[in-house]
Amino acid sequence: MPRKKKEFNKYGTFQTRFRTKFYESNLTQEALAKELGVSRPTVFGWFEGKNLPDILSLEKIARYFGVSADFLLGLSDVESPDI
């Protein structure tokens with residue numbers, strides 16, 4: 001019997017960590033969009049896991065929330081490295 005392929009949710013870690021930081025910020029999606037210089041539908045897409053930010057937006061998100069891009073993408077469990 002063939003093995004069932006495990007589906008990979010490439011948005012899962014980013015979506016989860018983005019949502020957590022968003023809720024901690026107590027902002028609306030519209031206010032966050034304005035802070036990041038993107039549209040509210042763009043923030044909604046990230047929030048719902050429908051899309052991922054481009055590299056420039058990822059940098060803005062990381063800087064705004066004070067975390068590393070690696071953390072947001074799930075490449076590290078450390079929110080921000082000690083410098």
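Helix α2 is followed by Gly 37, whose phi is positive, near 75 degrees. In this predicted model, α2 spans residues 29–36 and has Gln 29, Leu 32, Ala 33 and Leu 36 as its buried residues.

- The buried residues of α2 are Gln 29, Leu 32, Ala 33 and Leu 36; because they cover an arc of only 105 degrees around the axis, they lie on the same side of the helix.
- On the other side of α2, the residues Glu 30, Lys 34 and Glu 35 are exposed.
- The cover over the buried residues of α2 includes helices α1 (12–25), α3 (40–48) and α4 (55–65).

**The contact of α2 with α3**

- The axes of α2 and α3 come within 8 Å and cross at roughly 110 degrees, which makes α2 roughly perpendicular to α3.
- From α2, the contact is made by Gln 29, Glu 30, Leu 32, Ala 33 and Leu 36, while α3 contributes Arg 40, Val 43, Phe 44, Trp 46 and Phe 47.
- By residue class, this contact between α2 and α3 divides into seven nonpolar residues, one polar and two charged.

- Arg 17 counts as buried, because its relative accessibility is 17% and the cut-off for buried is under 20%, whereas Asp 77 is exposed, with a relative accessible area of 65%.
- A salt bridge also joins the side chains of Arg 19 and Glu 48, at 3.4 Å from N to O; Arg 19 lies in helix α1 and Glu 48 in helix α3, so the pair ties together parts that are 29 residues apart in sequence.
- Arg 19 counts as partly exposed at 24% relative accessibility, and Glu 48 is partly exposed with a relative accessible area of 34%.

- The side chains of Glu 24 and Lys 21 meet in a salt bridge of 3.1 Å, N to O, and both residues lie in helix α1, three residues apart, about one turn of the helix.
- Lys 21 is buried, with a relative accessible area of 9%, and salt bridges that share partners join Lys 21, Glu 24 and Glu 79 into one network.

Methods
Residues numbered from 1 in each chain as written. Predicted model: local features only at pLDDT ≥ 70, side-chain atom pairs only at ≥ 80, totals over all residues. Heavy atoms only, no water. Buried < 20%, exposed > 50% of the residue type's maximum accessible area, 1.4 Å probe, protein only. Helix = DSSP H or I, 4+ residues; strand = E, 2+ residues; numbered from the N terminus. Arc of directions from axis to C-beta. Contact = heavy atoms within 4.5 Å. Axes fitted to C-alpha atoms, helices over the stretch in contact; angles between N-to-C directions. Parallel < 35°, antiparallel > 145°, perpendicular 65-115°, else oblique. Nonpolar A, V, L, I, M, F, W, Y, C, P; charged D, E, K, R; others polar. Salt bridge = Lys/Arg side-chain N within 4 Å of Asp/Glu carboxyl O.
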